[in-house]
Amino acid sequence: MIDETIKDILSRRENTHPEDSYRIEKLWEEEIEALSFNVEETIDFIKSRCTANEFIWLSEVFEEVAEKTQSIEFVNCLYDVAKKYPSETKEYIQDRNKSMQDGNLYEFLNNSIKNKTYIKITPPMFFYGEN
């Protein structure tokens, strides 16, 4: 089940030093593979059993998962869950993505869905950190 896999990866990710870029990249690859393997199961997990903290950690790879899966349902799910955790997603955007000064994730996701630009979004839909 995806829950155990994701929780294991996220546990390791949270305990990884922020400057250990090699290990972070490897964990991101694991996250992308796990989230892309079965999109329906991923969507169910994110909508039903994913905590706000897990959602924020997973958001590091959402753009890559959207690109890999080509799933509008996945992007719609992210939009819905971002509404479920408004303060957490706003804080994340303000902390992680200085280019989105207003922190309006909903408008950004809505425009992405409407314009079908969920594949290779610039600026990234969910940002890894400051460049």
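Student: With which residue does Arg 13 form a salt bridge, and how far apart are the closest N and O atoms?

Tutor: A salt bridge is a side-chain nitrogen of Lys or Arg within 4 Å of a carboxyl oxygen of Asp or Glu. Here Arg 13 is paired with Glu 60, and their closest N and O atoms are 2.7 Å apart. Arg 13 belongs to helix H1 (residues 2-14) and Glu 60 to the loop between helix H4 (52-58) and H5, so the pair ties together parts that are 47 residues apart in sequence. Helices here are DSSP runs (H or I, at least four residues), numbered from the N terminus. Please note that this is a predicted model, in which local features need pLDDT of at least 70 and side-chain atom pairs count only at pLDDT 80 or more, while totals for chains, interfaces and linings use all residues. Residues are numbered from 1 along each chain as its sequence is written, and side-chain values use heavy atoms, with hydrogens and water left out.

Student: Are Arg 13 and Glu 60 buried or exposed?

Tutor: Buried means under 20% relative accessible area, exposed means over 50%, and partly exposed lies in between (1.4 Å probe, protein chains only). Both Arg 13 and Glu 60 are buried.

Student: How many salt bridges does the structure hold?

Tutor: There are nine salt bridges in the structure. One of the pairs is Glu 33 with Lys 68, whose closest N and O atoms lie 2.8 Å apart. Since Glu 33 is in helix H2 and Lys 68 in helix H5, the pair ties together parts that are 35 residues apart in sequence. Glu 33 counts as partly exposed at 44% relative accessibility, and Lys 68 counts as partly exposed at 47%.

Student: At what angle do H2 and H5 pack?

Tutor: Axes are lines fitted to C-alpha atoms, for helices over the stretch in contact, and angles run from 0 to 180 degrees between N-to-C directions. Helix H2 (residues 21-37) and helix H5 (residues 62-69) pack at about 45°, with axes 9 Å apart. Angles under 35 degrees count as roughly parallel, over 145 as roughly antiparallel, 65 to 115 as roughly perpendicular and the rest as oblique. H2 and H5 are therefore oblique to each other.

Student: Which residues of H2 and H5 meet?

Tutor: Contact means heavy atoms within 4.5 Å. On the H2 side are Ile 32, Glu 33, Leu 35 and Ser 36, which meet Glu 64, Val 65, Lys 68 and Thr 69 of H5.

Student: How do H3 and H6 pack?

Tutor: Their angle is about 5°, and their axes are 10 Å apart. That makes H3 roughly parallel to H6. The contact includes Ile 43, Ile 46 and Lys 47 of H3, and Cys 77, Leu 78 and Asp 80 of H6.

Student: What joins the side chains of Lys 47 and Asp 80?

Tutor: They meet in a salt bridge of 3.9 Å, N to O. The pair links distant parts of the chain, with Lys 47 in helix H3 (residues 39-48) and Asp 80 in helix H6 (residues 72-84), 33 residues apart. Lys 47 is partly exposed, with a relative accessible area of 40%, and Asp 80 is partly exposed at 37%.

Student: Is Leu 78 buried or exposed?

Tutor: Leu 78, which lies in helix H6, is buried, with a relative accessible area of 0%.

Note on methods. Helix = DSSP H or I, 4+ residues; strand = E, 2+ residues; numbered from the N terminus.
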